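User: I'd like to go through some strand pairing and salt bridges. Can you take it step by step?

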Amino acid sequence: MKHNFYLKTILVLLMVVFVFNAYAEEKTSTLTFTIECNGSGMADDDAKWTITSDAPESKHDSSKGIHYGTSKRAVSYLKLTTSDISGNITKIVVNASGASKTKAKINVTVGGVLFGSEHNLTKDNAPYTFEGSGTGEIVVKLEQESAKKALYVKSVAVTYSTDPLQGTEDPENSFAEETQNATIGIPYTLQELTTKSDGGKTYESSNIDVATINNNGIITLHKAGETIIKVSTMSTAIYAAGSASYKLVVAKGTPNFEFVYDGFHVFKGDETTGPELTNSGDGEVSYSVENENIATVDNTGLIKALAVGRTTVKAMAAETDAYLQASASYTLIIEEKPSSKGIYEIVTDASTLKNGDKLIFVYQGEGTLPAAMGPKKAYNYGRTTVSYINAEDKNIIKVSEKTSAGVTAILLGGKTGEWTFKTIDGYLNSTSKGTSNHLKTTENADDNAKASITFAGNDATVKFKGNSRVIKYNTKSSLFSSYNITNNFPLIQIYRKIKDVTISFANASEEITFGDNYNKQEAVVEGTEDTLVYTSSDDTKVKFHGNNIIDILSPGIVTITATDPKTTFSGNYELVVNTPSSSHEINLTFGDTGYLTWVATSDIDFSQTEGIKAYQITEAASHKITAEEVARVPKGAAVLLKGTGTITLKRTSGVAPLSRNKMLGCTDALVAGMTGGETSTDIYVLGNGSNGIGFYMLQNYLQAGKGYLKITGASGAKPSFIAFDETTGIATVVSETVENDTYHNLQGVRVATPHKGIYIKNGSKVIFK
């Protein structure tokens, strides 16, 4: 037992002696910079270092050492390299620093393997310690995003041992999984190695076409396939070198393939690149358009806008060794080059803005009319005075036809934070050269044409992404341009079109003959529900009154204009009224009711015309109306007609006056009903009101060429209407009393001696056989 104790004691002492001897040869090599290095340095043991950077060396700093990069010269790295130190490297201490607010990092590799952990630099000179075990070339690297911020190194101290490392223990290297799957496009991290060794590591991929792995163990996937990932640990004083590996199966990925905008607005005739396409894959991209009559697109995404309309533009990425096939699309909206004419409302909430909004930029001065941006000048934009719909309400602006040519119409595109402003000349673009302030246009939307929009009350801050300039109004030179945000010129206001008012007519010109019954051409209206007001260029020939009733007073040529009274937008057409010839046909057109009143423009023989009947009114009192059919009507007589469609009348001559006719004719004299808020009138006209077809009290004015009844002297309340039954023709309708024992046929005509047929008596049907 004692013998075993002595044996164990001797073995422990031998191990202690071995360990002591293994580290007894530890050395330190120190490189210190006291002056500029000029690209190289010599350590105190004559180890030679090479110093490189992407910036020239600057003046040596006595407290911080060598110096690369300044506030005027950008630098992204400073690297110190040596291969003159042989042996096992265990520790490296670097005294280094950066500039104020530096974001630089420092790392060390030994033999191509990361040595210790990466550190963040500070502005103060400080020691950064890296520990591990490795042999080979030493690289000390200071890195940052290229910036005008200096990098400094004061010294590098390397601790190493020249004794060989001949550990014999098994590091027991292994991975948890024998096989792992990865997909291209999805980040993949190396499996964690289980090991007892603290020695340096090397990495290897058996198929670098499928995946590669760098000295830091970061794997990059390249294409679908299989590879073996191997990680080796270096020998140390205790552990022997070892390795472990696993199979990595890589599948094709689905690329991130999409357009930055779902919708893209352009103007007819434009040739422009479509919205930016995000593509993380490597497949060849082709483009197509759904409707080539509206637009074409080439394989670079260049659009040619051929016609107004909407279509879908599609991009297709071909399948490759790394990525699956993918597609993306956007809606292309092609519009006519815009007019700024319209009604605009102020915008004060950025969240309400959307792609496709039609805008104008405005400056609202105190006590002055609003100034809209436009027209374009060489380096900025002028101004055009516009007006408020209501002087008391500055939220609504009107751009009239007259002023629209001088106001820049803007089509909003893009998305929140990256809005674009398309005009007929291109995209608004903020360019800056030194202190110059330019607001110009460009064919495609780069970062200087993309802007964020924020609001403070009515004021809009339109800030361009590329140079952070803001659109403002120069009150001294009356110009819109882009300025530094600190500039004292006032901000603009943004107005969005709410009414694109258009008033037009289907026919640019209409021609009639004096004496024909004519109803005005109805305007085609978009953008407003306001009641239009019609006017004539010559009231002696054609006149409107009341609720847009047209009177044709004499032959001639006039312009008929329909106007929206609130916005003053209008449209017009030409009306030619010809003098009738002796052979001119008289045409009458009936509406859906089948009835109309008419003042004869010539002697007419109705007995010679199919499909039409004429009636004179022989009685027109508050208690009874009687209609009597007549065969011939003299010129100037007002009669009630029944027919369908358009009928050509037969002229005649020598027709005697209708001596019993109570219907009066409206010619060039104005016939007024209840025009001033009255509740009753003596004037009755044919109408189709709430009670159906009949004679109603006239509400406003009567159109020339129409007939009417005048009922006076009634005791008590007069009826508001006198109806007739459309199925039986004209009926006798009374308000209070009815004359008994009289017969009327189904057309409402009184019959003195009924014959075989159906008649109306005392409101009931009577059949004579």
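User: Which residue stands opposite His438 in E38?
Analyst: Thr431 stands opposite His438. Before going on: this is a predicted model, where local features need pLDDT of at least 70, side-chain atom pairs count only at pLDDT 80 or more, and totals for chains, interfaces and linings use all residues. Residues are numbered from 1 along each chain as its sequence is written, and side-chain values use heavy atoms, with hydrogens and water left out.

User: How many bridges pair E37 and E38?
Analyst: Five, in the antiparallel sense, with E38 covering residues 438-442. Strands (E, at least two residues) and helices (H or I, at least four) are DSSP runs, numbered from the N terminus. Two strands pair if DSSP finds at least two bridges between them.

User: And what joins E36 to E37?
Analyst: A hairpin, through two residues. E36 (residues 418-423) and E37 run antiparallel and are joined by two bridges. Gly426 in E37 is the bridge partner of Thr423.

User: Is E37 mostly covered or mostly open?
Analyst: E37, residues 426-431, is mostly covered, as five of its six residues are buried. Buried means under 20% relative accessible area, exposed over 50%, and partly exposed in between (1.4 Å probe, protein chains only).

User: Switching topic. How many salt bridges does the structure hold?
Analyst: 16. A salt bridge here is a side-chain nitrogen of Lys or Arg within 4 Å of a carboxyl oxygen of Asp or Glu. One of them is between Lys341 and Glu401, at 3.1 Å, N to O. Lys341 lies in the loop between strands E28 (326-335) and E29 (342-346) and Glu401 in helix H2 (residues 401-404), so the pair ties together parts 60 residues apart in sequence.

User: Are those two buried or exposed?
Analyst: Lys341 counts as buried at 15% relative accessibility, whereas Glu401 is exposed at 54%.

User: Back to E36. Which residue does Glu418 meet in a salt bridge?
Analyst: Lys465, at 2.7 Å, N to O. Lys465 is in the loop between strands E40 (459-464) and E41 (470-474) and Glu418 is in strand E36, 47 residues apart. Lys465 counts as partly exposed, at 42% relative accessibility.

User: What about Glu628?
Analyst: Glu628 forms a salt bridge with Arg660, and the closest N and O atoms are 3.1 Å apart. Glu628 lies in strand E56 (residues 624-630) and Arg660 in the loop between strands E59 (646-649) and E60 (664-665), so the pair ties together parts 32 residues apart in sequence. Glu628 counts as partly exposed at 25% relative accessibility, and Arg660 counts as partly exposed at 45%.

User: Which residues are linked in a network of salt bridges?
Analyst: Lys354, Asp357 and Arg496 are linked that way.
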